[in-house]
Amino acid sequence: MRSISTRLAVWYALAATLTLACLFVVGYQLLQTYLIHGLDLLNSAEFEQIKAHMGDDYMTQSTRVIDERIRETTELSSVLFYIEIDSPQRGKVFSSHNLQGLAIPDIPGQHRYNTQVPRIGELRVAEFVLPFLDITIATPLSQVRKVMEGYVEVCAWLLAAMLGVSVLIGFGLSRLALRPMRLMREAANRIRSDNLSERIPVMQVNDEVSDLARLLNQMFDRLESAFNQVRNFTAEASHELKTPLSLVRLQAEKLLVGGNLSSANEESVQMQLEELARVNQIIDEMLFLSRAEAHAITLQCQPIDPERFLKSFALDARVLAEHGGHQFQVLHTGAGAVSFDEKRIRQVLLNLLANALAVSAPGGMVTMRSQLNANEWRVAVEDQGPGLPHHQHERIFDRFVRVNPRDKDGRGSGLGLAICRSIIILHRGQIVAANGSDGHGLSVAFTIPATQGTPPTDTAAARVS
Ligand SMILES: Nc1ncnc2c1ncn2[C@@H]1O[C@H](COP(=O)(O)OP(=O)(O)O)[C@@H](O)[C@H]1O
Ligand SMILES: [Mg+2]
């Protein structure tokens, strides 16, 4: 049983049914005692009647007279009572007809007892003493037994009904009791790195569950502030670095423009400028990611025809590809418009293209396949390079992850695909890597919903891994 509510319901049902069963057992004993006590009272009443009919002179009367007197009163109630009268002096004085000559067994030392008589059945016996006479009166126990059997049957049905009803009640109660837990689970599920301000609702009571919710909320407070500190640090550090870097670049450019550098010095200043540009780019990328995490990126979405957009992109892409001795082709199917931020999607495509070109052999083909249907726009950039093992397909979207860095001098920051993913998520889309279609190379594809005319929320959070 996996769920607590099922367990609680079953425990509740078992406890309730067991309690009822105990009550029924006690009830059984009480009812039986009460009914047998009723039989004892009946026997006593019959004794009183016999005593009255025997008259005060019975001691002087013959056995026949006594027999007659008793028979007068007992024959009428012969269904109910079995009577036997013994006299220590005269032996058996009277035995009712319904005993059919049998004797009621005696249990020495007991005056009220149950006994079994062959052919007659179980009897409740009471012994009374008159001077010179021992009177034994018995009543059948069969009615009591029948009542008790009926009681057991009714109890069994009631227990079965109780089990069913208490399972239902148990389920209801446990769902009610666990409702705060469910709310906590749902809230905790919503809290992610991009949604750290959400909190678990706390009931206005001081029970264990609300204590737990408060504790979890305090933990989320601490997590949120730690996350914010890291984000702010990245944003601020990147920002602070930009100004001194610009100054250094300006100085370097001034040196170059001055023209009085030896060719060796000029080359070294050129190198400095290149490195500065690279550092600048990394800082820009880090700033972009931290702003995306802080929900500070605003998309400029508008409905655009992907075919027209890709045509214009292909012009630049072809130049880039040919510059490195590669080939580029773009294939598009489907007509219509998709709402997206042209500048950002262009940034994504350039990133994917740069990655594909970087791994392509001279003359290698990079193919961009675009498909637009009623639901989504899908673009895949595929190369004929070495590809990547399957376990790296997801990892390359992490920050600063570079598999087999291709430039030994360290070009490329490993942030490109992380940025691509954050932009695509801002468009409520997905981006994944897979093996190329003919088994060679890598295909990195994104899909964004083709919600024409309704741009995604501008401030949508980017969950950047
Ligand atoms: N088309 C591709 N084929 C093989 N590996 C790729 C491809 N695209 C990306 N990668 C791998 O993913 C890593 C991360 O890419 P990216 O985030 O763009 O960073 P960068 O390009 O700065 O290295 C790259 O270093 C590379 O190892
Ligand atoms: Mg890259």
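Asn 280 sits in helix H6, which runs over residues 263-293. In this predicted model, Asn 280 has a relative accessible area of 14%. Buried means under 20%, so Asn 280 counts as buried. Setting aside residues up to four places away in sequence, Asn 280 touches Lys 242, Leu 245 and Arg 249. A further residue to look at is Ser 246, which is 34 residues from Asn 280 in sequence. The protein chain is divided into domain 1 (4-152), domain 2 (225-293) and domain 3 (301-449). How far apart are the C-alpha centres of domain 1 and domain 3? They lie 100 Å apart. Leu 315 and Val 154 are separated by 161 residues in sequence, and their C-alpha atoms are 90 Å apart. Leu 315 is found in helix H7, residues 306-323. With a relative accessible area of 56%, Leu 315 is exposed, because the cut-off for exposed is over 50%.

The next topic is the nonpolar core. In soluble globular proteins, nonpolar side chains tend to be buried together. Here the largest nonpolar core has 47 residues. Which residues have the most contacts inside this core? They are Ile 345, Leu 349, Leu 352, Trp 377 and Phe 446. At least three residues of the core come from each of domain 2 (225-293) and domain 3 (301-449). Leu 349 gives a view of the contacts of one residue. Not counting residues up to four places away in sequence, Leu 349 touches Phe 309, Leu 310, Phe 313, Met 368, Val 379, Val 381 and Phe 446.

Gln 49 is found in helix H1, which covers residues 4-54. Its relative accessibility is 37%, so Gln 49 counts as partly exposed. Gln 49 and Thr 73 are 24 residues apart along the chain, and their C-alpha atoms are separated by 7.6 Å.

Two buried threonines can be followed in strands. Thr 115 lies in strand S3, residues 112-117. Thr 115 has a relative accessible area of 10% and is therefore buried. Leaving aside neighbours within four places in sequence, Thr 115 is in contact with Ile 104, Pro 105, Gly 121, Glu 122, Leu 123 and Val 125. The other threonine, Thr 447, belongs to strand S12, residues 442-449. Its relative accessible area is 15%, so Thr 447 is buried. With neighbours within four places in sequence left aside, the contacts of Thr 447 are Glu 376, Trp 377, Arg 378, Ile 424, Gly 429 and Gln 430.

Loops come next. Arg 119 is found in the loop between S3 and strand S4 (121-130). The phi angle of Arg 119 is near 70°, a positive value in a residue other than glycine. Is Arg 119 buried or exposed? Its relative accessibility is 68%, so Arg 119 counts as exposed. Arg 428 lies in the loop between helix H9 (416-426) and strand S11 (430-435). For Arg 428, phi is near 60°, again a positive value in a residue other than glycine. At 52% relative accessibility, Arg 428 counts as exposed.

The last topic is a pair of helices. Two packed helices are described by the angle between their axes and the distance between the axes. Helix H3 (residues 142-177) and helix H4 (residues 179-190) pack at an angle of about 50°, and their axes are 4 Å apart. That angle makes H3 oblique to H4. Which residues meet where H3 and H4 are in contact? From H3 there are Arg 175, Leu 176 and Ala 177, and these meet Arg 179, Pro 180 and Arg 182 in H4. The residues of this contact divide into 3 nonpolar, no polar and 3 charged.

Terms used: Residues are numbered from 1 along each chain as its sequence is written. Chains are lettered from A and ligands numbered from 1 in the order in which they are written. This is a predicted model: local features need pLDDT of at least 70, side-chain atom pairs count only at pLDDT 80 or more; totals for chains, interfaces and linings use all residues. Side-chain values use heavy atoms; hydrogens and water are left out. A nonpolar core is a set of buried Ala, Val, Leu, Ile, Met, Phe, Trp, Tyr and Cys residues joined through side-chain atoms within 4.5 Å. Buried means under 20% relative accessible area, exposed over 50%, partly exposed in between (1.4 Å probe, protein chains only). Domain bounds come from an automatic or database domain assignment. Contact means heavy atoms within 4.5 Å. Axes are lines fitted to C-alpha atoms, for helices over the stretch in contact, and angles run from 0 to 180 degrees between N-to-C directions. Angles under 35 degrees count as roughly parallel, over 145 as roughly antiparallel, 65 to 115 as roughly perpendicular and the rest as oblique. Ala, Val, Leu, Ile, Met, Phe, Trp, Tyr, Cys and Pro count as nonpolar, Asp, Glu, Lys and Arg as charged, and the others, Gly among them, as polar.
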